[in-house]
Amino acid sequence: MAVLSDIDTSDDGPLGPSSDDGHQISDDRHQVVFYSGGKASWLTAHRVKEFRPDAEITLLFTDTKVEDADLYRFLDEGAEALGLPVVKVADGRDIWQVFRDNKFLANNRVPICSRVLKQEAADKWVRANCDPENTVLHFGIDWTEAHRADRIPKHWAPYDVEFPLLWKPLLDRLDADKLLKEAGVAEPRLYALGAPHNNCGGLCVRAGHAHFKWALAAIPEVYAEWEEREQEMRDLIGSDVAIMRDRSGGTSRPLTMTEFRERIQSSLTNEQLTLSDDWGACGCMSEYDG
Ligand code: SF4
């Protein structure tokens, strides 16, 4: 099995999946695409359909139950435009219920929501429904984030894993915009507001300060909901925990969403705010432990 660091991310080479990468060009095994409701995963599904039109293709969506309402519209319209079925699986709990059950507030270093609601839910369905001898799993990793995905093939062994956005020519989100327009499918509404992804209603426990600052301005109702839920978790756990951290001044301490909002809404200058300009990245289906 090819590992990502071995894959050539230059834009030269034969079109489509390459036997040089250890991938079958013609492949009639069951093709399962991890379909998150974001544009990259739709583009991934488009590519698999384009290059392997005769194979059985399934789009697999794992629901965190805190998704933006428009994600479901995009999920269904996108699948319909490709003529492909979507399997929707869910643990049943939302991220906050998972945090409450574990008495733990997730953060960038320990995103238990991702492990339980995305990875374990997908694992359960794939291992129960897909024969490893006859299945290929597809992930929407593009050339800009290839470094994040080395653990995917190891995690999913013995299943074969492929990254169709790394097939030649390389595609990225601008290609998704063009193809979605041609297919008559409107992009998810959060992108138009400036969101970097369409997961979990536009926020993420792995988001950086820049992302939370964007959310406060662009989707204040989501920010307010998360702020309230974070405080509930602090009360439940009874200690000073927070999703974010303040690493200014050479120290690291929990930075609550309330304090973060109050700082932004104060009259401090950007320099005095001492916030980082990091957007973070959710990595829900691309970063695995071990
Ligand atoms: S997108 Fe972020 S908040 Fe949502 S499940 Fe993944 S890691 Fe957790």
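Is Lys103 buried or exposed, and how many C-beta neighbours does Lys103 have inside 10 Å? Lys103 counts as exposed, because it has 10 C-beta neighbours inside 10 Å; the label exposed applies at 12 or fewer other C-beta atoms, buried at 20 or more, and partly exposed in between, with C-beta atoms placed from the backbone. The model is predicted, with local features needing pLDDT of at least 70 and side-chain atom pairs counting only at pLDDT 80 or more, while totals for chains, interfaces and linings use all residues. Residues are numbered from 1 along each chain as its sequence is written.

The protein chain holds eleven helices and seven strands, taken as DSSP runs numbered from the N terminus (helices are H or I of at least four residues, strands E of at least two). Of its 290 residues, 39% are buried. Among contacts between residues at least 6 apart in sequence, 75% join residues at least 24 apart, a contact being two C-beta atoms, placed from the backbone, within 7 Å.

Lys103 sits in the loop between helix 3 and helix 4, and its phi is near 45 degrees, a positive value in a residue other than glycine. Helix 3 passes helix 4 in a right-handed crossing. Ile95, Val98 and Asn102 of helix 3 meet Ile112, Cys113, Val116 and Leu117 of helix 4. By class, this contact has six nonpolar, one polar and no charged residues (Ala, Val, Leu, Ile, Met, Phe, Trp, Tyr, Cys and Pro count as nonpolar, Asp, Glu, Lys and Arg as charged, and the others, Gly among them, as polar).

Helix 4 (residues 112–129) also gives the largest share of the shell around the ligand, four residues. Of the 14 residues around the ligand, Cys113, Ser114, Cys200, Cys204 and Cys284 come nearest, where near means a C-beta atom, placed from the backbone, within 6 Å. The shell divides into nine nonpolar, three polar and two charged residues. Cys200 is in the loop between helix 7 and helix 8 and has a positive phi of about 45 degrees although it is not a glycine. Cys200 is buried, because 26 other C-beta atoms lie within 10 Å.

The contact joins Lys39, Ala40, Trp42, Leu43 and His46 of helix 1 to Arg173, Asp175, Ala176, Leu179 and Leu180 of helix 6. Its residues are six nonpolar, one polar and three charged.

Two cis peptide bonds can be described here. One joins Ala157 and Pro158, with omega about 10 degrees, and Pro158 lies in the loop between helix 5 and strand 5. Another joins Lys168 and Pro169, with omega about -5 degrees; Pro169 lies in the loop between strand 5 and helix 6.

Methods:
A crossing is left-handed if the near helix is turned anticlockwise from the far one by less than a right angle, and right-handed if clockwise.
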